[in-house]
Amino acid sequence: MSNTLQIVWLIPFLPLIGFLINGLGRNQLSKSLAGIIGSGVILISFLISLFVFFQVKNGNTHVAHYFDFINTASLKVGFDFQIDQLSSLFLLIITGIGFLIHVYSTSYMHEEASNNFAKYFAYLNLFVFSMLLLVMGGNFIIMFIGWEGVGLCSYLLIGYWFKDNANNDAANKAFIMNRIGDFGFLLAVFWMIAKLHTADYGLVFKNVNELTAFDITGITLLLFVGATGKSAQIPLYTWLPDAMAGPTPVSALIHAATMVTAGIYMIARSNILFTMAPFTQSVIAAIGLATAVLAATIALKQNDIKKVLAYSTVSQLGYMFLGLGVGAYTGAVFHVMTHAFFKALLFLGAGSVIHAMGGQQDMRNMGGLKKYMSITHITFLLGCLAIAGMPPFSGFFSKDEILAAAFEKNPVYWAVGVLTAFMTAFYMFRLYAMTFHGKFRGTHEEEHHLHESPLPITVPLIILAILAVVGGWVGIPKVFMPNGHRLEAFLEPIFAQSNLKVAALQEAHALSNTTEYALMAVSVIGALIALLFAWNKFSKYEKISEEETGLAKIINNKWYVDEFYNAIIVKPIQSMAGFFSNVVEKKSIDGFVNGVGKAVNYGSRQIRLLQTGQVSAYMLMMVAAVLILFIIQLFL
């Protein structure tokens, strides 16, 4: 291992130290000190990650072994960190975006009590530590520890304002639905260990040919189950919109830098396994596409500014899974990166609006905010253009790379993906127009307090806006610049085996430059039309009371998926739990145990009556006892 890379353990260790200091000292630390500690450790981790990234770029990759985590006769698992092109890129995303969110939080959460403020930053630091452990782990066991860690932190942060039971319900929902996915992940790891006697990435991928087609398909399907939970895909996606119950910076952290990208990272890391499982890839592409469309339709009718962005995240994650399913691993990772930029920007921009509106989240009560919040307005507009896929913003390059790969695989995939892109442009500019244009529709008191957010909020917005504009330039497609896709070249060692297999399959129908230009044109023109239509319809939105019917009502109620889950899963389980509680436990088990106690108690009361204090009674009992013993002896 290179001496220059021996410090990589500090990257996750520093956030862990921040968690311990803020957590244990929450009753002693001032707000400013808690914020400095919480943000400072992430900044130092980012600087080290930046150093590591350039080392990796120069070809200095390695696996760092620290100690044996499990060491038995049949299984050896090291506490290892794998530092390569994929992990170094994710380190920059997690620590870079995470640092901006921490800085933002110092202002956004300033009204919290000092001990709660420090506790909040302790949770944030633990969240970042868990995600860093997930992406740095050199085997599936260490990844799983981080995987569970981010699940715990999501529970703590979604339910941070725990005095409201709705927030607790949202936290429980996220925790339980993720446990379902995690069970699939765990089974996959057990399957690998049973067949290959290792969970180490290098050994698993090296010996993948020792697995049968059935093994590979089973393992990859179970891994995908884990990914559907963590990265909110059908059927385990409904927890993510409810996760908006937490503070807005938490939403940005979950949606942009941590947690929901975990499933994408895990599949990208295991790319050779999935490339050798074509059935699983077809399932991933279909589920990803279905999720993208479903979530986009729901976002069309949401009026809560954070809920629109939440369903947008679910939809964009569907795009990423579509990319993974068609073998465009670089495109999927590319979209993770660009999405981190513009989605963090949009969530933090929404938080700035909510901050100015005194907690109001309903877009119908907003409007005209651009004249009060110029920085938030401009940066939010740039984020909307990026997610809508307008060139030359970052989202254009990553989204169209996935769509081009989808077209090569199946034109139907591309058509549905483009339809989703149209809807994305529409609902994002509906949100933008309703929030920043037209007349202000809130109360006079709300209007009186409207103001631009302070620097700790606006500076992260400006930095993220710049990244949302230029972040995609590392992946300019070869159709524009023959040597332009620097990210693809950087990630080539990670996806080399898979790319060879994909290229062999698609060589016969590779896209021509003309076709690629045409696909881009259709996507951009369609998104532009949707954008202009939303602008025309909502830029002068007037708040009116209207009752929705038909399809609009169904979409507004999120296709009644939560109600369906409640009907077929939650209520039957609650009924069964009630039966076991009231009948099996209370009447049967408790009835038997309590009955024994009552019988002993009753028998004791009756026996004590034999103690009369009369000598003649005792003599009678003695004679009777002798007769009984004589009769028993006689018959025996």
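Entry 1: I began with His197, which sits in the loop between helix 6 (165-196) and helix 7 (201-206). Helices here are DSSP runs of H or I with at least four residues, strands are E runs of at least two, and both are numbered from the N terminus. Phi of His197 is near 60°, a positive value in a residue other than glycine. For the record, buried means under 20% relative accessible area, exposed over 50%, and partly exposed in between (1.4 Å probe, protein chains only).

A note on the source: this is a predicted model, in which local features need pLDDT of at least 70 and side-chain atom pairs count only at pLDDT 80 or more, while totals for chains, interfaces and linings use all residues. Residues are numbered from 1 along each chain as its sequence is written, and side-chain values use heavy atoms, with hydrogens and water left out.

**Entry 2: the loop between helix 8 and helix 9.** Next I turned to Ala232, placed in the loop between helix 8 and helix 9. Its phi is near 55°, a positive value in a residue other than glycine. Is Ala232 buried or exposed? Ala232 is buried, with a relative accessible area of 0%. Pro235 lies in the loop between helix 8 (213-230) and helix 9 (239-242), and the peptide bond leading from Ile234 into Pro235 is cis, with omega near 5°.

**Entry 3: a Pro-Pro bond.** I found a cis peptide bond joining Pro391 and Pro392, with omega about 5°. Pro392 belongs to the loop between helix 16 and helix 17.

**Entry 4: cavities.** A cavity is a set of points on a 1 Å grid over the protein atoms alone where a 1.4 Å probe fits but cannot get out, and lining residues have an atom within 4 Å of a point. I counted 3 cavities of 30 Å³ or more. The largest cavity holds about 50 Å³ of space, a volume being the space filled by probe spheres set on the points, which are joined across faces, edges and corners. Its lining includes Gln316, Tyr319, His335, Phe342 and Lys399.

**Entry 5: Lys571.** I finished in helix 24 (residues 561-607), where Lys571 is found. Lys571 is exposed, with a relative accessible area of 53%.

Terms used:
1 Å grid on protein atoms, 1.4 Å probe; cavity = no way out; pocket = protein on both sides within 12 Å on 5 of 7 lines; lining within 4 Å.
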